[in-house]
Amino acid sequence: MFISFEGIEGAGKSTQIKRLATYLESFGYEVLVTFEPGATHFGASLRKVLLDTDTQLTDPVAETCLFIADRLEHISQVIKPALDRGAIVLTDRFLDSTIAYQCGGRQLSEASLQPLFDLILISPDLTILLDTDPNEGLRRAKARAALDRFEQENFSFHERVRSTFIDIADRSQDRVHVLSVDGLSIDEVFESVKIVVDEKINRR
Ligand code: T5A
């Protein structure tokens with residue numbers, strides 16, 4: 001099973017993934033936790049370029065190509081081998097992030113990027129979208145470390161990203177489950193995550 005977590009920065013994706021991995025491992029499942037961008041050796045170099053505030057990258061299509069290159073290597077080196085051996089793969093971000101950030105945030109046309117998206121031949125069985133107000137997400141990101149190239153974007157960029165994630169969820173209701181996490185503690189969010197994942201596993 002392939003499960004992705006999506007949402008704006010600071011939504012709590014990595015926190016919930018860590019908890020979910022421990023929970024699933026307690027039932028004897030092999031769980032692989034991974035993330036984008038940067039989960040491969042090649043991808044780590046791309047991540048540095050993509051997130052560094054000193055990077056002079058002005059063409060959003062070029063930026064998109066780097067995320068797609070990272071994802072192709074991520075699939076072939078990490079995700080596919082784990083799925084092939086029967087592991088549950090939990091990824092912090094996948095293709096929905098490119099649609100939300102590059103099409104929503106950077107305002108590129110989704111239709112024009114579709115040929116690039118068609119290169120991604122696997123799709124999560126389940127996506128959990130942690131929906132939170134950008135004010136809260138960015139507050140958490142700021143509290144943790146210096147802001148990266150995306151976190152430094154203006155507020156309307158983050159609002160477009162959030163609303164694009166919601167659009168994706170609306171048109172992919174079979175795959176994407178939205179959890180509204182504003183005002184909820186880490187434990188409360190995890191209770192909801194468990195319900196969604198248990199139901200998916202039981203149905204299979
Ligand atoms: N990007 C990525 C694109 O533009 N296109 C793409 O195709 C892809 C794949 C990646 C950046 O790249 C962009 C999107 C991103 O801007 P990243 O560093 O990987 O950068 O960024 P994030 O995935 O956003 O990582 P974050 O760590 O910022 O967000 P998380 O994982 O959602 O948040 P988490 O779990 O680390 O929590 C943040 C803090 O909040 C606390 C945690 O303890 C932590 O301190 N927290 C809570 N506090 C209170 N209540 C809760 N419910 C909480 N949940 C977590």
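Biologist: How many of the five residues of strand 1 (residues 2–6) are buried?
Modeller: This is a predicted model, in which local features need pLDDT of at least 70, side-chain atom pairs count only at pLDDT 80 or more, and totals for chains, interfaces and linings use all residues. Residues are numbered from 1 along each chain as its sequence is written, and side-chain values use heavy atoms, with hydrogens and water left out. Buried means under 20% relative accessible area, exposed over 50% and partly exposed in between, with a 1.4 Å probe and protein chains only, while strands (E, at least two residues) and helices (H or I, at least four) are DSSP runs numbered from the N terminus. Strand 1 is largely enclosed by the rest of the structure, because the number of its residues that are buried is five of the five.

Biologist: Which residue of strand 3 is the bridge partner of S4, and which residue of strand 4 is that of E6?
Modeller: F2, S4 and E6 are buried on one side of strand 1, and I3 and F5 on the other. Strand 1 pairs in the parallel sense with strand 3 (residues 88–92) over four bridges, where pairing requires that DSSP finds at least two bridges between the strands, and four bridges also join strand 1 to strand 4 (residues 126–131), again in parallel. The partner of S4 in strand 3 is T91, and the partner of E6 in strand 4 is L129.

Biologist: Against which helix do the buried residues of helix 6 pack?
Modeller: In helix 6 (residues 134–144), the buried residues are P134, G137, L138 and A141. They line one face of the helix, because seen down its axis they fall within an arc of 90°, the arc being that of the directions from the helix axis to the C-beta atoms. At the start of helix 6, a side-chain oxygen of D133 comes to within 2.8 Å of the backbone nitrogen of N135. With contact taken as heavy atoms within 4.5 Å, the buried residues of helix 6 pack against helix 7 (155–171).

Biologist: Which residues are the closest to the centre of the largest pocket?
Modeller: A pocket is an open set of points, on a 1 Å grid over the protein atoms alone, where a 1.4 Å probe fits, with protein on both sides within 12 Å along at least five of seven lines, and lining residues have an atom within 4 Å of a point. The largest pocket holds about 850 Å³ of space, a volume filled by probe spheres set on points that are joined across faces, edges and corners. Of its 35 lining residues, the closest to the centre are E9, G10, K13, R93 and R144.

Biologist: Is R93 buried or exposed?
Modeller: R93 sits in the loop between strand 3 and helix 4, and its phi is positive, about 85°, although R93 is not a glycine. Most residues other than glycine have a negative phi. With a relative accessible area of 13%, R93 is buried.

Biologist: Is Q107 buried or exposed?
Modeller: Q107, in the loop between helix 4 and helix 5 (110–117), is a residue other than glycine whose phi is positive, near 65°. At 57% relative accessibility, Q107 counts as exposed.

Biologist: What is omega at the cis peptide bond that joins E36 and P37?
Modeller: P37 lies in the loop between strand 2 (31–35) and helix 2. Most peptide bonds are trans. The bond joining E36 and P37 is cis, and its omega is about -10°.

Key:
Polar contact = N/O pair within 3.5 Å; in protein donor to acceptor, adjacent residues only side chain to side chain.
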